[in-house]
Each structure stands twice: as C-alpha cells, then as structure tokens.
Amino acid sequence: MAVGKEIRTKISSIKNTQKITRAMEMVAASKMRKTKDRMQATRPYSKKIGQIIKHLAHANPEYKHPFLISRETKRVGLIIISSDRGLCGGLNSNLFRKTISSLVQWEKDGIEVDVCTVGTKAFSFFSSLKTNLVGQVSKLGDAPHLQDIVGIIKKMLDAYNNGQIDQLYIANNDFVNTMTQRPTIQQLLPVVDNETEEKLNTHWDYIYEPDAKEVLDYLLVRYIESIVYQGLVENNACEQAARMVAMKSASDNAGNLISELQLVYNKARQAAITQEISEIVAGAAAV
Amino acid sequence: MTMTVHVDIVSAEKEIFSGLAEMVFAPAELGEVGISPRHAPLISRLRPGEVRVKVSDKESYPFYISGGMIEVQPHIVTVLADSAIRAKDIDEAAALEAKARAEEDLADKTGKIDYATAQAQLLEAVMQLRTLDRFRKRGE
C-alpha cells in the first residue's frame, strides 16, 4: 500500500537511532560502574593527604614552603578537566559556563590567566577563545594513569615556583551521584584552609624526618598530584553517568516520537481504507 | 584499659586498614619507628618495608608497603603508602623472581641497565620477603 511511505521510512530511521542510543546507554552504564569503582578506590588517599595538609597549614614550620604562602595575585593558572567525547548531556557546557564566569571575573580584576586543558572537549573549546593556552593533554581513556598528567602538573608547579603564576586552580566535575554532577572550581595553590578557622593558639610543629624541606617538597607535590588525579577520575565517572542519563532520555524521546508517528500513520491508513471502501460502495450503487 | 591511637593506612588504590591500635611500627627514612598513643606530631617519609599495627598483645597486623609517608598526630596516625599489601597476601614466588631478576641486572656489568632502578627493585623484593618471613615466624 502506498499510504504513508514517508512516515514509515521516518519511523524506521528513528528506530535505528533508538537502537544506537540504547546501545550507548548500556555501554555507558557498564563503564560507569568501572569508573565509579576507580574513583571510590582513590578517594581515601586524596582525603587523607588533604587532612594532613590541613594539619600542616595549622603547624608552625621553621621552613615556610612557597606553596603555603599567599602572595599578591597578578596571574593565575587554571587546569580544566573535561571529557574527550561528547554526547554526555550538559556536562562539559555546564563546566565551561562556570569557568567562563570565573575568567570574566578575573579579567575584571585585571588578572591574567594561563590555561591548561585535559581532554579534547576543553582543548577545542578554550583554544577557540582568546585564552592563553599553555598546555594540554587528551585521549587518556577510561583508566588514566598518574604519569599521563604529571607533565602538565609539573609545568604549572614550575610556573608557580618561578613566580609566573601566583595562584593555581582546577576546574572539574564532582561526582555527587548518578543523576547529579556538580561543576567545581577549586584553589590548589597556595594551599589554604578555607574551612572553619579553628586557630589553635598553641605553638606546635611536626618533627620532620629527614628534614622539613625535603618532606614538605615531597608531600605537597604529592598532594597536588593526587587532587588533580582525583579530579580526573571523578570527571571520568561523571562523563559516563551523564552519558548514560542523556542516552536514556534520548531513547525515551525516540520511543515517544515513534508512537506519535505510528498514530499518524495508522490514522492515514485507516482514512485511505475508508475512502477506498466508500468509493467501491459508491461505484456499486451507481451500477 | 590500655591507651589506643587511631590508625589509617591508605594506599593510592584503596584503604587498607582503619581502626584503633596500641602501637604502630613503620620503616621511616632514618630508621624504624614505633609510634605509641600521644606521640608528638611527626612527619616522615617511609622506605619500602613492613608496617605493623599492634592492636592488642595477641593481635597484630603486618603490611608490606613500597614507600610513602607517615603522619603522626597525638591521637591519629596516617600512613600514606604508594602501594600496600597485607603480609599474608604477599606473592612469595613473584617476590623471589623479582629478587633474582634484580640481582641478575645488578651483576650485569655491561652498563645497559639502570643501576638505581635495579637496586630499588631489589630492595623492594627483599623487604617483601623479609616481611613475609617475619609474619610466618610470628604466626606459626
């Protein structure tokens, strides 16, 4: 029957799309489980090292590490972590929007910004803007290694030590739960304890072995690395979760579209049949 | 009741131990340290070796760590290990093999190998075996 040929092809093409989105949803769901495990596995370490650093900020070391000293801000460094692939809802655009608003604020205050990007999406977005891009890594996959990002971290830390930048920030998505991912911008350097200022008045300091400088150098670099790495694995888990949700709603929408089109198609077919019957009846009556 | 201190041991991959202990032994950079409750604040790097958590007179948990940091506060001890395993989970065959390989590398006089890496590997393997050895002696 020649009725509704276009509608039928439309329906079948939407069905094909739905198959793809459903497959992507399932892939994302299984990947999410893995990336989430990875994220939770590294959380205790970064939490503990964060606590130690917080203690350290309250201590009174004889050796003041440059990472612990605030200075006047003329230029800041920013590490932006994004996904490599798209089709994950508003994950990257939410993060970029938040980042842009910070960039605008800094510009207003006359502060220049050096940007480092992780992931293809951030790179293509921020290289098209008028930002000062100093480094990028991408295509790290679902199981990134610390070694992959050590390069850009070192670059930023060197810039901080040389006085090229006075503050270092990291922008990434925080994994709250499967439905919620929160874009955050966090200050890495100088290390500040921005939680409740419970200033201990007692003057105390650690015993350092072998000596303060060596221990602090090692510990602080470790700390920064672990935060950036944690940011990366969190962002990975966010990406998979966001993709899963986005693909699920895409599949649902495709389903709705199909049932609407099916209705239109059935009506058209019914109308054609009715018309045909009435033509036959009319023809028979004329004879 | 004896005094206890809260001990957390985490490696880069996961949390290994969390709980109260009477004493903690760790291979600090300048020699082995034993930490009792209310120890003065201390931060030190750790060498590869055995970290032992003494929970009570009868019970203690040995771990092998490949290096890291220890932070001591009067009521909390945190061990940040690069990698950590329970002594009973040490793969003896793999450690022996790693030791043999490292020794072979060190014996190689052609200068092709990285001397420092081989030495570090040897140290790790030897410390794993020693941790396992001590664990067995105590346990059985």
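Trainee: Where in chain B is B:Gln121 found?

Mentor: Since this is a predicted model, local features need pLDDT of at least 70 and side-chain atom pairs count only at pLDDT 80 or more, whereas totals for chains, interfaces and linings use all residues. Residues are numbered from 1 along each chain as its sequence is written, chains are lettered from A and ligands numbered from 1 in the order in which they are written, and side-chain values use heavy atoms, with hydrogens and water left out. With helices (H or I, at least four residues) and strands (E, at least two) taken as DSSP runs numbered from the N terminus, B:Gln121 belongs to residues 115-139 of chain B, which form helix H2.

Trainee: Is B:Gln121 buried, partly exposed or exposed?

Mentor: The classes rest on relative accessible area with a 1.4 Å probe and protein chains only: buried is under 20%, exposed is over 50%, and partly exposed lies in between. The relative accessibility of B:Gln121 is 41%, so this residue counts as partly exposed.

Trainee: How is the aromatic pair of A:Trp106 and A:Tyr169 oriented?

Mentor: Rings of Phe, Tyr and Trp (its six-membered ring) pair if their centres lie within 6.5 Å, and planes under 30 degrees apart count as stacked, over 60 as edge-to-face and the rest as tilted. Over all chains, the structure holds eight aromatic pairs. For A:Trp106 and A:Tyr169 the ring centres are 5.0 Å apart and the planes stand at 55 degrees, so the pair is tilted.

Trainee: How many residues apart in sequence are the parts that A:Trp106 and A:Tyr169 tie together?

Mentor: A:Trp106 counts as buried at 10% relative accessibility, and A:Tyr169 counts as buried at 13%. Because A:Trp106 lies in helix H2 (residues 91-108) of chain A and A:Tyr169 in strand E4 of chain A, the separation in sequence of the parts that they tie together is 63 residues.

Trainee: At what distance from the ring centre of A:Tyr218 does B:Arg45 lie?

Mentor: A charge sits over a ring if NZ of Lys or CZ of Arg is within 6 Å of the ring centre and within 35 degrees of the ring normal. Within chain A, A:Arg71 lies over the face of A:Tyr160, at 4.3 Å from the ring centre. B:Arg45 lies over the face of A:Tyr218, and its distance from the ring centre is 5.3 Å.

Trainee: Which three residues supply 29% of the area that chain B buries against chain A?

Mentor: Buried area is the accessible area (1.4 Å probe) that two parts lose on being put together, summed over both. Contact means heavy atoms within 4.5 Å, and here the contact takes 26 residues from chain B and 21 residues from chain A. The two chains bury about 2,100 Å² between them, 67% of it on carbon and sulfur atoms. The three residues that supply 29% of chain B's part, more than any other three, are B:Ile43, B:Arg45 and B:Leu80.
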